[in-house]
Amino acid sequence: MARKPADQSVNRDDILLAAADVLQRNGYEATTMKDIAAAVNLTAASLYHHFRNKDALLLAVLEAGLQQVTHQIEPIVQSDQPGEQKLRQMICAHVVSLTQNTAVGAAMVFEIRSLMGVKPQSDIASSADKQAYAEFVTRRDAFFARRDQFENLFRQVIREGIDNKMFRAVDVAIFTKTILGAHNWV
């Protein structure tokens with residue numbers, strides 16, 4: 001079957017899901033852009049038209065996964081429900097999100113560390129490459145800040161529950177990490 005050239009649109013979401021599937025199957029280090037391109041019937045060159053490199057593609061997968069679950073959780077946190085109901089619904093939404101798309105969930109658990117290992121451009125890199133790296137670092141830092149905000153949504157509801165005597169007093173930070181860790185391993 002012939003591959004699609006870059007000028008034939010491929011849905012960004014399809015690329016992200018295919019990338020997550022390939023990353024789950026092969027792991028970040030063993031995955032190539034060619035592997036991901038093949039999964040969406042593109043040439044590797046065409047995939048580079050959409051994403052500068054594998055690091056940028058991984059970041060896009062993680063951003064999309066976090067955005068999707070955050071948009072589900074935020075309305076629950078902002079609702080007028082009691083803390084216990086909020087926490088139950090948040091747990092349910094997060095676990096369902098992880099289990100409905102296990103490849104993205106696996107990327108969030110297993111491949112997120114790869115973002116921190118991205119090496120800066122060498123001194124002889126082009127100014128365009130240096131600029132692309134700087135933009136990547138800015139997006140990566142923003143992703144980690146959004147991930148922290150997601151965690152803080154759980155902390156907020158747990159604190160509210162403790163303050164309202166609905167929950168037993170616990171170390172909120174440790175309890176939140178424990179809950180989220182349990183979700184991730186479902």
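User: Which helices each supply at least two residues of the lining of the second largest pocket?
Analyst: The model is predicted, with local features needing pLDDT of at least 70 and side-chain atom pairs 80 or more, while totals for linings use all residues. Residues are numbered from 1 along each chain, and side-chain values use heavy atoms, without hydrogens or water. A pocket is an open set of points on a 1 Å grid where a 1.4 Å probe fits, with protein on both sides within 12 Å along at least five of seven lines; lining residues have an atom within 4 Å of a point. The helices (DSSP runs of H or I, at least four residues) are α4 and α7.

User: Which helix gives the largest share of that lining?
Analyst: The second largest pocket has 14 lining residues, with R52, N53, A56, A132 and F136 nearest its centre. The largest share, 6 residues, comes from α7.

User: How many residues lining the largest pocket are charged?
Analyst: This pocket has 29 lining residues; L66, H94, L98, M108 and N184 lie nearest its centre. Among the helices giving two or more are α4 (54-78) and α5 (83-100). The lining has 13 nonpolar and 10 polar residues; the charged ones (Asp, Glu, Lys, Arg) number 6.

User: How are α4 and α5 oriented, roughly parallel or roughly antiparallel?
Analyst: Q68, V69 and Q72 are among the α4 residues that meet α5 residues including K86, Q89 and M90 (contact: heavy atoms within 4.5 Å). The axes, lines fitted to C-alpha atoms with angles from 0 to 180 degrees, come within 9 Å and cross at roughly 170 degrees. Angles over 145 degrees count as antiparallel, so α4 and α5 are roughly antiparallel.

Conventions:
Angles under 35 degrees count as roughly parallel, over 145 as roughly antiparallel, 65 to 115 as roughly perpendicular and the rest as oblique.
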